[in-house]
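Trainee: Could we take a close look at one part of this model? I'd like to see what surrounds it, and then how the rest is put together.

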Amino acid sequence: MGFRALSADRVIVADQLEQAVSVLDFAAGDMTPVGRQGDGPGEFGMPGPLYAGPGDTTYMLDMGNRRVTAAVWKLLVGRITLFLIDTDVPENSPEDRALSARLYGGDQEMRICQEILLGIGGVRMLRSLGISPSVWHANEGHSAFLTLERVREFVQKGSSHAEACELVRQSTVFTTHTPVPAGHDVFPHHLMDRYFAGYWEQLGLSREEFLRLGETPESHGGFNMTALVMRLSAHVNGVSREHGRVTREMWQHFWPGLPTDQIPIRSVTNGIHAPTWISPELHHLYSKSLSPTWTQTCDDPAMWQRVMDVPDHELWAVRQAMKRKLMGFIRERARAGWMHGHLQPSQVLTRGTLMDPEALTIGFARRFATYKRATLLFRDLERLKVLLQDRWRPVQLIFAGKAHPADEPGRYFIHEVLSFCHDHKLGGRVAFLEDYEMHMAKYLVQGVDIWLNTPRFPLEASGTSGMKAALNGVLNLSVLDGWWVEGYNGANGWGIQPLSEQADVQTQDHHDMEQLYRLLEQEVVPLFYQRDRDGIPRGWLQMVKECIRTTAPQFCTTRMLKDYVSLMYRAATVRMPATW
């Protein structure tokens, strides 16, 4: 969900900054009731045919030994055009109709077909509509085949393969979003043979030369999509400063002999669209205290400095109202599940109906990948019970999220968390919210007191949920990785200092768990419950204000897009020899 939310935020702000952008995606819409995540597609909610341009609304694409028909949907977001690719049309077989049904799921053969549809098919779709972008930006390796199709176009027009590659490199920007090896698609050669036999000749290559485009030392005979797009992009970036450093180390074999700090991989830290994610109550407070037009200058530090002058009692009242809304949302979801027969009585309780709106509430909501260590806080149950069951200073935990359909360990993490929710000895102070989606995410990032993030260093590329929480006055308690190592200043939240990368997993996990408990016991909980005669936690609110002041202008989409324009897009419009 984070990647899609980031894309949506980007489209909105591109419109506000009057950037000419076309975006490609699938017209796809995922959790079944009660305890275990399902893999079916959700509802996309398309309001009828959206294509409003001239000509045919479908195009055809050869995929191995068959031909697939794709429909084109056009959605206007202000002045930004979003094109959606849809294979759910009568001309296709049931298997091909399912290609655009969901982003994750299926086997490797479905995956390669999806990426051919998005990459090669996306280029051909734009050509059929008469659109010729000056800069092509590939996010992740999912769309990497677009570079091959563009090389093919140049070769068919008379360029040599080397000339075509140079032209494609100079106008291609590539953003990698993950330092986790499993996040990079690698297809076996037999699938590449099945779907690209006859295609490599159109590139001016032999089979062996073609396969080398996706070769890495770790690919073990597979075709690595990230390797392909990195070879055919002159402008590459990670999504945080730390991720840029990690990415340079991961791919330094592409630049043998070059010092790591000189490898031409930059970083553009992610940002979020503040007006989308900030609560209505806080939006009103910002409009009154910062500026009536604050949404138009989200990247202005001087404007956000005014948050320090917001009266404590007003900020606290807004934060409490946001928390009560979250609790109401949780209770109504559980009530609806009970009324419709989706939940058993015990599950009604474990979905958060016993949550206390006055207790310090910690939120953990994101994809349940194993490296994010959702169960780190449960490694010392006795210490956790002391925190949760404190009569005067209680703590409660709310979890939400999904695992990748193919990530069985991640699914087991969800099962583990659910088992703790059912443990009556934890007093109903642990809840898991199923069917995690954007609507629920808004309530969570607005309503909890602490946003917990415990990735195993250095595997967090960026993270955006913590940014959304921070702009809502929720304090981050996170491993110093991804965006938080840039955002944390010692006075705007809490940071878990990781051990070096050389530490083994068990040692690192134990170290991080000890730091997490120490911070909760000695700093977080005492500060939250330290109140004056009016019942207001002055010290807590001072940290909340510092959090908003420092993170809001730095981690907004406006700043992010301006960085992409100045650091990446402008360079990609200049035709000059690459450094490869």
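Mentor: Leaving out residues up to four places away in sequence, L191 touches Q108, E109 and I112, where a contact means heavy atoms within 4.5 Å. Keep in mind that this is a predicted model: local features need pLDDT of at least 70 and side-chain atom pairs count only at pLDDT 80 or more, while totals for chains, interfaces and linings use all residues. Residues are numbered from 1 along each chain as its sequence is written, and side-chain values use heavy atoms, with hydrogens and water left out.

L191 belongs to helix α6, residues 189-196. Helices (H or I, at least four residues) and strands (E, at least two) are DSSP runs, numbered from the N terminus. The relative accessible area of L191 is 3%, so this residue is buried; that word means under 20%, with exposed being over 50% and partly exposed in between (1.4 Å probe, protein chains only).

Q446 lies in helix α18, residues 438-447, and its relative accessible area of 9% is why it counts as buried. Beyond residues up to four places away in sequence, Q446 touches W277, I278, S279, R319, M322, N472 and V474.

What about the core? The largest nonpolar core has 96 residues; such a core is a set of buried Ala, Val, Leu, Ile, Met, Phe, Trp, Tyr and Cys residues joined through side-chain atoms within 4.5 Å. F368, L397, L444, L477, W494 and W540 have the most contacts inside it. Helix α21, residues 505-528, gives the most to this core, with nine residues. There's a second, separate core too, made of 56 residues and including V155, Y195, L232 and I263.

Strand β15 (residues 475-479) and β16 run parallel, joined by four bridges; two strands pair if DSSP finds at least two bridges between them. In β16 (residues 493-496), W494 and I496 point one way, G493 and G495 point the other way, and all are buried. In a regular strand the side chains alternate between the two faces of the sheet.

Next, find the open sheet of four strands, with the order β5-β6-β9-β10 and parallel pairing. β5 (136-139) and β10 (265-267) are at the edges with a single partner strand each, so one side of each has no neighbour in the sheet. Further in, β6 (residues 172-175) runs parallel to β9 (residues 235-238), and three bridges join them. T175 has N237 as its bridge partner in β9.

Last stop: the hairpins. β2 (residues 58-63) pairs with β3 (residues 66-77) in the antiparallel sense over six bridges, and M60 has T69 as its bridge partner in β3. Two residues lie between β2 and β3 in this hairpin, and G64 in the turn has a positive phi of about 65°. β3 then runs antiparallel to β4 (residues 80-86), with seven bridges joining them, and here W73 stands opposite L84. This hairpin also has two residues between its strands, and G78 in the turn has a positive phi of about 65°.
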